[in-house]
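Student: I am new to this structure and would like to go through it step by step. Please show it to me before I ask anything.

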Amino acid sequence: MSRLRVTAVSAVISIAFVMPAAAQSDDALVKRGAYLVNGPVACSNCHGTRNPDFSIADGMEFAGGFHIVDPAFDVYAANITPDKETGIGDWTDEQIIKAIREGVDPEGDIIFPPMPSPTYNNMSDDDAKAVVAYLRTLKPVRHEVEESHWNIPQQAMPPAKGAPAPAMSDTVAYGGYIVNALAHCFECHTPMGPTGPDMSRMGAGGLEITLAPGMSVYTSNITPDPETGIGNWSDEDIKQAITEGITPQGRHVSPPMPFPWFNNMTAEDLDAVVAYLHTIPAVSNKVERTEFQMKNFP
Ligand code: HEC
Ligand code: HEC
């Protein structure tokens, strides 16, 4: 009898100790998720509903509908707000994480490409949970999105390993994690080979992205090649291009370079990205400059 009572008391005490700690770690998770989604991961660069002038409609940052056309696909980014009917409000955390990292929805349909699942496949378990925790805090928006179509066979990603991110103190490795697990730099900045991105020319640019019929941009060479890449740029030059979309020559970079989101990156994360970019192999590849500028995009 007295033993039982002790047990009951200690249970109450441990709950009292555990609860505030759990609440705090949820807050930390949401905060990390908000940073990732609105910073280096830039989900709404694709998942925002765009006005005809390409600006993102108010309150529709995650409501989907952005139409992305390519010879390989004709897709509409999904509504990823917690709306139960038109968004992902009914999905479990595991289902959302699988969609992000493996590119497969709960019905088993493949959603990649261009959803950057090959990059997100490398996302740590902690960061994947943080992204989902943040998505849960968004206002549900009712917005039906049209169906996507692909002209190529789609392929799901292998099961994600969820390995922890490298220590932030290992600047180059951590920068590599941001680039290759979060910010999907190379999915835009690598030229296409016959069967997909030509990773032997990682970062060499020249991938054609169609923004609208007749409006193509060619991604830049971001390897350290001094002639055709960014080998002659100072670290400050590179950071200005990443966060403000302005080159050392004062040229504005074209969308869909996600600089408005990258502008929210911490100084440490930016330094890590730049340190990592210095270490990738230089590839000589002269890329045609895009002529047009779009003030309102994104
Ligand atoms: C390069 C563009 C792009 C980026 C960046 C992107 N997505 Fe997507 N995503 C898409 C497209 C396009 C679809 C729709 C595919 C389809 O119709 O099956 C999609 C589908 C999804 C789905 C499946 C939803 C459904 O109803 O089928 C989820 C969940 C999702 N994205 C979450 C995210 C999250 C979270 C991020 C950021 C971590 C992100 N996406 C970044 C393009 C993108
Ligand atoms: C959704 C596609 C996309 C993603 C993701 C992306 N970029 Fe870009 N980036 C572009 C486009 C498009 C341009 C501009 C091309 C132009 O203006 O001709 C560009 C331009 C740049 C430039 C300017 C280079 C120059 O010579 O003008 C740098 C530097 C750059 N990106 C680095 C990065 C880094 C680092 C990342 C990841 C942290 C990244 N980009 C992610 C599409 C992307």
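Predicted model: local features only at pLDDT ≥ 70, side-chain atom pairs only at ≥ 80, totals over all residues.

Student: Which protein atoms are the donors of the iron atom of ligand 1?
Tutor: The protein donors lie 2.0 to 2.2 Å from the iron atom of ligand 1. One belongs to a residue in helix α2 and the other to a residue in the loop between α3 and α4 (117–120), 68 residues apart. The atoms are NE2 of His47 and SD of Met115.

Student: What is the geometry of the site of the iron atom of ligand 1?
Tutor: The iron atom of ligand 1 has six donor atoms, with angles of 86 to 180° among them. The site is octahedral.

Student: Which residue has a side-chain N or O atom 2.6 Å from an oxygen atom of ligand 1?
Tutor: Ligand 1 is surrounded by 22 residues, and the closest are Cys43, Cys46, His47, Met115 and Ser148. The side chain of His47 has an N or O atom 2.8 Å from a nitrogen atom of the ligand. The 2.6 Å pair, with an oxygen atom of ligand 1, involves Ser148.

Student: How many charged residues are in the shell around ligand 1?
Tutor: Elements that each supply at least two residues of this shell include α2 (44–47) and α5 (125–135). By class, 19 residues of the shell are nonpolar and three are polar. The charged count is no residues.

Student: Which element gives the largest share of the shell around ligand 2?
Tutor: Among the 25 residues around ligand 2, those that come nearest include Cys185, Cys188 and His189. The side chain of His189 has an N or O atom 2.8 Å from a nitrogen atom of ligand 2. Two or more residues of the shell come from each of α7 (185–189), β7 (215–218) and α8 (235–244). The largest share, three residues, is from α7.

Student: Why is one side of β1 and of β3 left without a neighbour in the sheet?
Tutor: Three strands form an open sheet in the order β1-β2-β3, with antiparallel pairing. β1 (67–69) and β3 (149–150) stand at the edges, so each has a single partner strand.

Student: What is the bridge partner of Phe73 in β3?
Tutor: β2 and β3 run antiparallel and are joined by two bridges. In β3, Phe73 has as its partner Trp150.

How values were computed
Residues numbered from 1 in each chain as written. Chains lettered and ligands numbered in written order. Heavy atoms only, no water. Near = heavy atom within 4 Å. Polar contact = N/O pair within 3.5 Å; in protein donor to acceptor, adjacent residues only side chain to side chain. Helix = DSSP H or I, 4+ residues; strand = E, 2+ residues; numbered from the N terminus. Nonpolar A, V, L, I, M, F, W, Y, C, P; charged D, E, K, R; others polar. Donors = N, O, S within 2.8 Å, 3.2 Å for Na, K, Ca; no water. Tetrahedral: all angles 85-135°; square planar, octahedral: opposite > 155°, others 65-115°. Pairing = 2+ DSSP bridges.
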